[in-house]
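Work through the following exercises with the sequence and the model side by side, and try each task before reading its solution.

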Amino acid sequence: MTATEPAEKLLSPVLSASWDDHRPWSLETYRRHDGYQGLRNALEMEPDALIALVKESGLRGRGGAGFPTGMKWQFIPQNDGKPHYLVVNADESEPGTCKDIPLLFANPHALIEGMVIASYAIRCDHAFIYLRGETVPVLRRLHAAVAEAYAAGFLGKDILGSGIDLDITVHAGAGAYICGEETALLDSLEGRRGQPRLRPPFPAIAGLYACPTVVNNVESIASVPPILVRGKEWFTSLGTEKSPGFTLYSLSGHVTNPGQYEAPLGVTLRQLLDISGGVRAGHQLKFWTPGGSSTPMFTDEHLDVPLDYEGVGAAGSMLGTKALQVFDETTCVVRAVTRWTEFYAHESCGKCTPCREGTYWLVQLLQRIEAGEGVEGDLEKLLDIADNINGKSFCALGDGAASPIVSSLQHFRAEYEQHLAERRCPFDPAAATVWADSHRAKAPQPATEREVHA
């Protein structure tokens, strides 16, 4: 794969193939695109063979960690006499991350079919979708799609005459970012306050209702049916050796044409920018995130880093949710990091001291620096607090809060020091808005001397 390949070869619409169709969310449209054919193929296989197929395909979790999906299914103990559960994590709420909600809104049956296949593989007869409660239009569309699937015989008793039963419950969360952490999600689903659990035991052994549970991301499960239809060889022909397949890249920020770009793993930001029209006209790239605001930031030096798990990891960051937030030279990096850190401090569940106290103090220091009131030693104090959070908090929320601070100081320490030296923020916040250039173009220009005397 090279940067000179045309867009039609670079992009690989699979989950997004029907998004431009009339009523793409409907069962009728989904079935025109081989909908539920993967399920029929799966029901002709033994559950263990199905797990082996997904494992051999190399499908990795699309929720951030990149853990092999088939291996996660394989961890579920069999013949243990306990009910097994599948829980789909649709609590997408990290700043910049926006792939699962569009997918559910435009193509909910992809998830439902994948859930039936996964449930059959792990011997589960009751599955759950934990959706972020604020996304009411998506919640309604998901309920309607589940009802369609029941009516068509893809859910309920004796699915397609196979003797397999499955019920799906759609649960709306109350809007807590911490519930994106799988064990906090399970606590919330059980009716308790969403806080991460101590592990072990892991969910595969004692998850929902203390029973074996698989927790997967929306995109991970929705990616399973195409593998059953087109084969594992087709899937491994996309992407890279260790990160095969296709995925949704969410391109946002100072981009000419932001949106969802479905492409094989291993593409670069340079290639995606070529397709999307590049950074907004008249500006240049300053920094960007490869996997959302919780991942260490990159600069223009990293434009050709392969966007797969190994490539991004080797460059010092994480692929995460593939939320590519692009910022041009009008953006104050201190301001951006401060806003992210304010989010993490607000969303900290408070269970562990490093995250609860550390994020609070990070916000105090960053706000002081941004306002031009920082003092000598603040930058070292930021790094010291981040070091006391990173790897020491109960879950990954603390790590996510510390990552952008450490990486921004690594790449833009001079900008922090400029705030301290000049006792102010040297950037105009209005210049970073997407409408700034259009407003500037419409503003009346000062009259020239010739015009004044005319």
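Helices (H or I, at least four residues) and strands (E, at least two) are DSSP runs, numbered from the N terminus. The model is predicted, so local features need pLDDT of at least 70 and side-chain atom pairs count only at pLDDT 80 or more, while totals for chains, interfaces and linings use all residues. Residues are numbered from 1 along each chain as its sequence is written, and side-chain values use heavy atoms, with hydrogens and water left out.

**Exercise 1.** Locate serine 294 and decide whether it counts as buried or exposed.

*Solution.* Begin with the strands: serine 294 lies in the loop between β7 (285-289) and β8 (298-299). Next, take its relative accessibility, which is 13%, so serine 294 counts as buried (buried means under 20% relative accessible area, exposed over 50%, partly exposed in between, with a 1.4 Å probe and protein chains only).

**Exercise 2.** Find which residues serine 294 touches, leaving out those up to four places away in sequence.

*Solution.* Taking contact as heavy atoms within 4.5 Å, serine 294 touches Glu94, Met318, Tyr344, Gly400 and Ser403. Then turn to the side chains, where a polar contact of 2.9 Å joins serine 294 and glutamate 94 (a pair of N or O atoms within 3.5 Å; within protein, one must be able to donate a hydrogen and the other to accept it, and residues adjacent in sequence count only if both atoms are side-chain atoms).
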